[in-house]
Amino acid sequence: MSKKYAIGVDYGTQSGRAVLVDLSNGREVADHVTPYPHGVIDEKLPGSGKPLEHDWALQHPDDYLEVLRRSIPAVLKESGVSKDDVIGLGIDFTACTMLPVDKEGVPLCFKPEWKDNPHSWVKLWKHHAAQDEADRLNAIAAERGEKFLPRYGGKISSEWMIAKIWQILNEAPNVYEATDRFTEATDWVVSQLTGNFVRNSCTAGYKSIWHKRDGYPSREFFKALDPRLENLIDTKLRGDIKPLGTKAGEITPAMAELTGLAAGTAVAVGNVDAHAAVPAVGVVDEGKLVMAMGTSICHMLLGKKEVAVEGMCGVVEDGIIPGYMGYEAGQSAVGDIFEWFVEEAVPAYVKEAADKEGVSVHEWLTERAAAYKPGQSGLVALDWWNGNRSVLVDTNLTGVMVGYTLLTKPEEVYRALLEATAYGTRTIIDAFHSHGVEVNEVYACGGLPQKNRLLMQIYADVTNREIKIADSKQTPAVGAAMFGAVAAGSAKGGYDSIVDAAKAMARVREETFKPIPENVAVYERLYQEYRKLHDYFGRGENDVMKRLKALKDEVSASAH
């Protein structure tokens with residue numbers, strides 16, 4: 001009998017990648033990355049060049065199809081695997097990344113009459129321009145005592161579906177009217193592959209305030225937000241909601257031609273990138289925190305009971321692994337902060353020295369930062385360069401660094417930024433732990449753990465927990481492939497449950513990062529300083545960040 005394979009397609013912020021995975025052991029046979037031709041659209045619209053306002057982040061839906069056109073044929077070619085031995089396909093995506101489509105499922109931005117209206121485009125997860133709507137939504141939900149609110153740590157984010165839809169309704173009611181459905185990008189791509197439109201329970205639960213037992217919030221709630229939203233759920237958010245691992249459909253003949261896969265190949269319902277990574281590191285039971293570490297961090301944890309935890313992004317039944325409550329929290333910027341520092345704030349001599357040594361600026365800074373002991377730089381920073389996702393859920397917070405002197409070196413600042421993101425993760429772990437959702441083991445996957453050993457040691461020391469690292473370059477894609485194998489089922493050579501798939505396919509490295517006791521002691525003291533700054537700037541005692549942001553917006557508006 002020939003070997004069987006599945007493909008996982010992982011859609012990130014800058015690019016999409018396809019990975020062809022051996023179903024017998026989880027080995028990645030081939031992978032291919034397609035950078036998005038239009039990247040992140042955050043300054044002006046393609047074509048018309050129309051400028052975008054602050055906090056906007058859009059994408060071009062054809063970039064997602066480009067990944068299917070380029071990366072799937074590439075992994076088939078590179079591996080030499082026959083399309084008939086690829087039994088399943090799964091995709092995962094950033095979220096909430098949403099778009100308006102017409103009755104045929106065509107994105108409005110593809111249509112000449114809408115392409116110059118920014119609201120017709122994909123709103124990427126890090127589109128933060130719906131903060132006003134999120135604030136109003138949270139105030140009205142709290143006033144009404146809506147029982148969904150505690151499930152999301154007390155606040156619904158501006159990054160999520162309802163705030164983004166409401167922003168469209170407020171700023172471009174004609175786009176709202178022309179929309180047949182608002183869809184997560186992951187569900188849209190699955191609908192393109194299969195010709196079937198279904199919503200997945202993961203994004204519906206975490207990003208659209210849907211609950212397995214209670215459904216969506218009531219019509220009365222939506223009416224209280226805005227009378228025009230009263231029927232939103234039955235109209236523009238309609239669609240069957242299917243649990244993870246369900247088969248959404250099969251690859252259509254047209255998509256078979258585009259991708260090189262066999263028509264009829266099983267396609268799993270869509271998933272969120274970070275959530276797909278959990279089974280790929282073998283986590284299918286409670287007490288284990290999985291960090292998907294890249295431009296931002298998503299923290300995932302399984303539990304048996306539904307508990308309200310401050311600032312969590314959500315708790316969703318079957319949201320990560322069927323049979324468990326899936327908890328999610330996160331940090332809005334991690335790798336993005338390090339990249340900002342390297343791109344925007346490093347002196348020329350550092351770039352020159354790195355070039356001379358033939359290493360990247362990140363590597364140059366990391367090597368020098370590693371020579372410092374915890375506390376030696378005298379610096380402590382808050383990690384809010386892109387707002388705070390958990391536990392404060394406030395995109396209007398900004399970055400802080402305390403302790404600069406005339407002798408401060410770039411590598412010390414870099415190390416302080418690495419440490420700041422670790423303190424942010426520790427805050428999240430403490431919040432879960434103090435509410436009775438245990439965190440006994442920590443796993444890490446994504447780009448950062450592969451590249452930066454210093455960062456992982458700092459995380460082990462700050463959290464005082466051993467950290468296990470995924471043995472995969474493309475963990476979410478491997479997880480997506482596992483769900484593709486479950487969609488195909490054991491009769492076709494796949495698996496009947498994600499737990500069975502994880503047993504056979506999940507892989508972590510032998511080497512782990514263990515806390516160093518003397519570092520743990522110093523970081524405990526530094527973390528207490530971080531928490532004082534965190535609460536002072538983040539909990540309303542000093543709203544200077546918000547006042548500065550409001551002033552910036554006011555002056556920028558008058559400059560236009």
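These legends accompany close-up views of a predicted model.

**View 1. A negative surface patch made of four residues.** Glu53, Asp132, Asp135 and Glu171 form the patch. One of these residues, Glu171, belongs to helix α3, which covers residues 161–171. Glu171 has a relative accessible area of 45%. That value makes Glu171 partly exposed, because partly exposed runs between the 20% limit for buried and the 50% limit for exposed.

**View 2. Thr259 and its contact with Met255 in helix α8.** Helix α8 covers residues 253–259 and includes Thr259. Thr259 is buried, at 1% relative accessibility. The side chain of Thr259 reaches a backbone oxygen at 2.7 Å. That oxygen belongs to Met255. An α-helix has 3.6 residues a turn, so residues three or four places apart point the same way.

**View 3. Helix α9, largely enclosed by the rest of the structure.** Helix α9 spans residues 273–280. Seven of its eight residues are buried, so the helix is largely enclosed. The buried residues are Ala274, His275, Ala276, Ala277, Val278, Pro279 and Ala280. Just after α9 comes Gly282, with a positive phi of about 85°.

**View 4. The cis peptide bond between Ala95 and Cys96.** Omega is near 0° for the bond from Ala95 to Cys96. Cys96 sits in the loop between two strands, β5 (86–93) and β6 (98–101). Most residues other than glycine have a negative phi, and most peptide bonds are trans.

View 5. The loop between β18 (380–382) and β19 (400–402) holds Val391. Val393 has a relative accessible area of 14%. Val393 therefore counts as buried, because the cut-off for buried is under 20%.

**View 6. Ile209, a buried residue with a positive phi.** Phi of Ile209 is near 60°, a positive value in a residue other than glycine. Ile209 lies in the loop between helices α6 (201–207) and α7 (219–225). The relative accessible area of Ile209 is 3%, so this residue is buried.

Technical notes: Residues are numbered from 1 along each chain as its sequence is written. This is a predicted model: local features need pLDDT of at least 70, side-chain atom pairs count only at pLDDT 80 or more; totals for chains, interfaces and linings use all residues. Side-chain values use heavy atoms; hydrogens and water are left out. Patches are made of residues with over 30% relative accessible area and no salt bridge: like charges are joined within 9 Å, nonpolar side chains (Val, Leu, Ile, Met, Phe, Trp, Tyr) within 5 Å. Accessible areas come from the Shrake-Rupley method with a 1.4 Å probe; for residues, only the protein chains shown count as cover. A salt bridge is a side-chain nitrogen of Lys or Arg within 4 Å of a carboxyl oxygen of Asp or Glu. Lys and Arg count as positive and Asp and Glu as negative; His and the chain ends are not counted. The place of a charge is taken as NZ of Lys, CZ of Arg, CG of Asp or CD of Glu. Helices (H or I, at least four residues) and strands (E, at least two) are DSSP runs, numbered from the N terminus. Buried means under 20% relative accessible area, exposed over 50%, partly exposed in between (1.4 Å probe, protein chains only). A polar contact is a pair of N or O atoms within 3.5 Å; within protein, one must be able to donate a hydrogen and the other to accept it, and residues adjacent in sequence count only if both atoms are side-chain atoms.
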